Each structure stands twice: as structure tokens, then as C-alpha cells.
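Here is a brief report on one protein structure.

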Amino acid sequence: MNPGGQGGWSAWPAPAKLNLFLRITGRRPDGYHQLQTVFQLLDWGDTVRLRVRDDGVIRRQGAEGYAVPEAEDLVIRAAKLLQTESKTNKGADIVVEKRIPLGGGFGGGSSDAATVLVALDALWGTNLGEDRLAALGLALGADVPVFVRGRSAWADGVGEVLSPLALAPAAYLVVDTGVSVPTAELFQAPDLTRDAPAATISDFVSGSALGNAFEPVLRSRSKVVSAALDALAQLGPAALTGTGGGCFARFGARAEAEAALARLPPGLRAWVATGVDVSPLHRALSAGRAGNG
């Protein structure tokens, strides 16, 4: 693949996601919780810029929009993991243009890491293939594989057993409350429902499998989240996404979502995004080129 960007840089999408529902059906012997969810990929997200190096150095440039130490940054960990697994002598400069709020449940860190895995696999010519890249992604975080595979999907297990799902066209009014609670803390909450009955895809399609197990937990801990969900519920079906403080309302058309955005109370950080079945990252990959850097 020819990066095609100025100075050897190429630009790659890292889309956000929503969890259209999320339930916990039990706990595995290793302590991880069994989940069921539907991942809806969006046409909006971060941009990851990459430049291949021949000296094996992996380096992040800039940190605009977030303050994650480089050693802990998932994009650096993803690049080094791919480098080790593929035994390549290539390196990369990495810039992440952040738009997805940190800790909101929109999957920003996981998506950025997946974009690094998928794009560098192409740019380095390592060609590990989707299955191996998804396995590497799982080592970084439970949400990374869905972004690696690039399809909206039904998910079981810890969120890594994925079945691609064609979802009805929809636009989403998305709200970032700015509230971020550590995921581990939420999973330990005494008021979290951990033994919900298992659902099926048919249950979701019929509307009988909805809601987010973490919503009552976050409502009880944050008046800001509760107020945002109540405001959205006046406009359309409202829900929490993931384990963060982000929430959304679903609409059948973008014009409806835009109209609802105009009716939100002032002071809420909100925007409209469209659901997609195929990730913008994979569309760029299929086109055989990235955007200019």
C-alpha cells in the first residue's frame, strides 16, 4: 500500500462505537464477566496518522486532546505488539487526533489501537491477517477486536466473540457528560446486576433485549449522567453506552437527530453521528489508500 500522504504520512479513521444494549450474564472462573452487547460503529471518531520508519523506533508525536503517558498509550502498545509478533524491523511515528472523549464508553482508546494494528499491518507489509490481529487486539482490551474486524456486531464472552450484524439505518444524538468512572470500580458495584438471563439476537431485534446493566449504577452515582439521560429520553429512546458516562438517543434519520440536538438543554456537549455496518477504517483499507497526512 502506498501511504500517499505528505512527507510519508498517512491518515486512518478510528471510529467510535455505541453499545446499543449491554447485559451481564455471569462470571467466568478467571473472574471476567460474561457480557452480551451489540456494537454499533459510527461514521465519526478519531484520526490516526502514521509514518513508517526504517529504524524500528516507535514514537508518538504530540498528545493533543488527551494526557495519556506514552508508555501506557494503547497505540504505542499496539504498534510494539505488532512489531514483536511480526518480527518486523520497521517502526512508526504516530499522531492521534482525538475527538472521541476519554472514558465516555465510546471506545476511543480501543479504536485507536485497532487502527494502528490494521493500518501498520498493511503499511509494514506484515500481513498477519484479521484473525491474528484480532487476537493481538484482545490482549490489549476486550473492545479492540470489534474495531479490528470492522463490522457492527453482536458480541458474547467478554465482548470478543463477534457475529456481524446488519443494523437498521439510524442516526444517533450523542452526549458526553464528562463523567468517567473506572470500569473495574463499576464491575465491583454491589448494585450491579450480574446474572441477567442470556438474550438472543432475535430478542434484540424484537426490542425485548435493551438497556445497559451499568445505567442504574451510574445514575445512582452521578446526577449529571442521570440528568443527561432524562433530557435525551424526552427526545427519543435513550441509553448509556459502555461503562462510561456517555449516552445517546437513537433516531431513524439524521434530520430527526439534528432536530433533537437543537432541542437539547443548553450546556450539554452533544453531536450527531450516523451508524455504519462497515468501519470507515476498513473502507479506507479496501480502497487501497489512506488519506493525505
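Ser111 sits in helix H2 (residues 108–123). Helices (H or I, at least four residues) and strands (E, at least two) are DSSP runs, numbered from the N terminus. The model is predicted: local features need pLDDT of at least 70, side-chain atom pairs count only at pLDDT 80 or more, and totals for chains, interfaces and linings use all residues. Residues are numbered from 1 along each chain as its sequence is written, and side-chain values use heavy atoms, with hydrogens and water left out.

Ser111 is buried, at a relative accessible area of 1%. Buried means under 20% relative accessible area, exposed over 50%, partly exposed in between (1.4 Å probe, protein chains only). The Ser111 side chain reaches the backbone oxygen of Pro15 at 2.7 Å. Beyond neighbours within four places in sequence, Ser111 is in contact (heavy atoms within 4.5 Å) with Ala14, Pro15 and Phe147.

## Nonpolar cores

The largest nonpolar core has 39 residues. H2 gives the largest share of this core, eight residues. Such a core is a set of buried Ala, Val, Leu, Ile, Met, Phe, Trp, Tyr and Cys residues joined through side-chain atoms within 4.5 Å. Leu120 and Ile94 are among the residues with the most contacts inside the largest core.

## Strand S4

Six of the seven residues in strand S4 (residues 91–97) are buried. Strand S2 (residues 33–53) runs antiparallel to S4, joined by seven bridges. Pairing requires at least two DSSP bridges between two strands. Val52 stands opposite Ala92 in S4. Strand S3 (residues 58–60) pairs with S4 in the parallel sense over three bridges. Arg60 has Ile94 as its bridge partner in S4.

Methods. A polar contact is a pair of N or O atoms within 3.5 Å; within protein, one must be able to donate a hydrogen and the other to accept it, and residues adjacent in sequence count only if both atoms are side-chain atoms.
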